[in-house]
Amino acid sequence: MIKKAGSIFFLGALFFANAQQQQSTDIETIEIQGKLFSTPYKSADQNITVITREDIARSPAKSIDEILQQVSGMDVRRRGANGVQSDIGFRGGSFEQVLLLLNGIRMNDSQTGHNTMNLPIDLEDVERIEIIKGPAARRFGQNAYAGAINVITRISPGKRVKVSAEGGDYETYGFGLNAQLGNEKFSNALQANTNASQGYMHNTDYELRNVFYQSKLNIKNGDLRLQAGFSEKKFGANGFYSSPKATEQYEETQASVVSLMHRQTFGKLNMNSNVYWRRGQDMYLFNREKPELYRNMHIGNNMGGEVNSSYQWGLGTTGLGVELRKEFLVSTNLGDRNRFVSQVFFEHHFSLLNKKLNISPGVSWANYSKEGNFFYPGLDVGYNFLPNHKIYGNIAKVHRIPTFTDLYYTSKTEQGNPDLIPESALYSEIGYQFQTKGLLLKASGFLRSTDDAIDWTKNSLQDPVWYARNIGNTEVKGIDLEASHQLLHWLKYTAGYTYLDNKLKGERSFDARYLLDNLKHQFIARLETRFLRNFSSELMYRYNERLNSGSYNLLDEKLSFVKKDFSVYVLVNNLTNTSYTETFGVMMPGRWFHVGFSYHINIK
């Protein structure tokens, strides 16, 4: 019945569609923010997906992790909903193998990758998200093992205030405030959000709060940017960790970030630098009603700075960068831990044959005070053999240093391993891209061969303890297909498909927790329509088939009305009320209705 209703709805949308032209971001004009220099999207010789501001506004997603689920090749394993707790993976990789950046600042947590997505921003405050798949991400350094994500927030001149509110099933509610104040010389933005729910099943209630400030001061041929944010999450964690039978678990996490960034051009020399501090706090209770039974408290601080430069000369563009970082952790379980990280980055960009052939060799070196030295060499090649047609290839050596949880965590159900060896891989990809103003087609094949892969394992199904181990060598190979077509100015569709073949080399005599339970088949499709001048609709379909836990289909829908400074939406997640899990046997919500509005107030 629901499927029939959806079909009728979209037939009606097509019937009433008119020729009103809508403004949208031209993806070809976007500059992809690299570590050493930026590249226009159309000229990038890597597999990059950009989620634009318009994509976010129309999407039936409530949080950053949910909109990342709309990108093929990404494996987002949520516990709970609406951004409570999620693990982000790329192409069969674990949540420890993805680098997350906020406006170019590293947000990864040295304690554990489970806390990577604790960002102090709301989805509505994101300008765009740049997703770098494959070996080209190695230029960002540690944790960019399988891919990298850069979340870029909005700041612009003007004086205006935006207020928003929402409500939904399970006593869900949210309020938001976004204020912009400034001029072309000096701009400021402040946002604050709170969201809460009683939860979709026992002990899945949550309270989420974010506060984020950023400013931009234009200087001669450059700018200075300041950002400061705080995130707090309090949530019931029914079956999230330990065991599905642990129904009374509870967790509180906090994340803070402060950074100052400088960017300036001196003729042919570009300089970028920053200093930053990121703090993470994680408090876990095995039983929220009986905290004396088992309690963990972890407080981590990452402080660092970097200087990056690029110089244009006769033989191309040369980039050189240096980053220093100190990681501290104080934990009731993991003890007092710290390490110092030094990294040097070098890259050169050649442009030959009238800019049709682009070659970018590069290498980075990292020294970890406890683990030693590591080299990350890589090569990107792209060739535009016809107008709008391009082929590209990337190859790189990547490494990952174990987190403090991998090394030292101890409980009745987990045992860390201080003797872990850093994992490394040779990662390669070759692809084709066709792009015009209204059509984008991409196809690629990739191979990642990992040595000394790190995972949590059991000796047998009856063993209650997961052990951190180097499980051996693994090989991930697959294909990635993507298409986006603006058929008419009021009708657009996109589709993506990823196939993965993930194998452990040699005999397997254990049960692996993460690396060998990847998505084997993943298909994502989206239909966007605009009609009756002020209405728009987006229908999102996802098919996921996991290697060891079967498959499921999901359908989400968002209907929006926008007129001048006022907007309202109705959103339904899991329209067909599918029963499914994404990780660790945690049941995900069934059908969930949301309704919300926002209003802009322009200040003279």
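Predicted model: local features only at pLDDT ≥ 70, side-chain atom pairs only at ≥ 80, totals over all residues.
Residues are numbered from 1 along each chain as its sequence is written, and side-chain values use heavy atoms, with hydrogens and water left out. Local features need pLDDT of at least 70, side-chain atom pairs count only at pLDDT 80 or more, and totals for chains, interfaces and linings use all residues.

A nonpolar core is a set of buried Ala, Val, Leu, Ile, Met, Phe, Trp, Tyr and Cys residues joined through side-chain atoms within 4.5 Å. Buried means under 20% relative accessible area, exposed over 50%, and partly exposed in between (1.4 Å probe, protein chains only). The largest such core has 30 residues, and those with the most contacts inside it are Ile64, Leu68, Ile129, Ile131, Ile149 and Val151. At least two residues of this core come from each of α3 (64–68), β4 (74–79), β5 (85–90), β6 (98–102), β8 (126–133), β9 (147–153) and β15 (250–266). These helices (H or I, at least four residues) and strands (E, at least two) are DSSP runs, numbered from the N terminus. Another core, of 15 residues, lies apart from the largest one and has Ile30, Ile48, Leu101 and Phe140 among its members. Contact means heavy atoms within 4.5 Å. Not counting residues up to four places away in sequence, Leu68 touches Ile51, Met74, Val76, Ile88, Met117, Ile129, Ile131 and Ile149.

Gln70 is found in the loop between α3 and β4, and Gln70 counts as buried because its relative accessible area is 13%. Residues up to four places away in sequence aside, Gln70 touches Ser59, Pro60, Ala61, Ile524, Arg526, Glu538 and Met540. Asp556 is placed in strand β31 (residues 550–563) and is buried, at 8% relative accessibility. Its neighbours, not counting residues up to four places away in sequence, include Pro60, Glu538, Met540 and Asn574. A polar atom of the Asp556 side chain lies 2.7 Å from the backbone nitrogen of Asn574.

On the surface, Tyr311, Trp313, Leu315, Phe350, Leu352, Leu353, Tyr383, Phe385, Leu386 and Ile391 form a nonpolar patch with about 930 Å² of accessible area together. Patches are made of residues with over 30% relative accessible area and no salt bridge, with like charges joined within 9 Å and nonpolar side chains (Val, Leu, Ile, Met, Phe, Trp, Tyr) within 5 Å; accessible areas come from the Shrake-Rupley method with a 1.4 Å probe, and for residues only the protein chains shown count as cover. Two or more residues of the patch come from each of β17 (295–313), β19 (335–352) and β21 (372–386), and β21 gives the most, with 3 residues. Trp313, in strand β17, is partly exposed at 41% relative accessibility.

Side chains of opposite charge can pair when their charged atoms come close. The structure holds 35 salt bridges, each a side-chain nitrogen of Lys or Arg within 4 Å of a carboxyl oxygen of Asp or Glu. Arg79 is paired with Asp87, the closest N and O atoms being 3.0 Å apart; Arg79 is buried at 2%, and Asp87 is buried at 3%. Glu371 forms a salt bridge with Arg339, with the closest N and O atoms 3.3 Å apart. This pair links distant parts of the chain, 32 residues apart: Glu371 is in the loop between β20 (357–368) and β21, and Arg339 is in strand β19. Glu371 is partly exposed at 24%, whereas Arg339 is buried at 4%. A network of salt bridges links Lys35, Glu306, Glu323, Arg325, Glu327, Arg339 and Glu371.

How values were computed: Polar contact = N/O pair within 3.5 Å; in protein donor to acceptor, adjacent residues only side chain to side chain.
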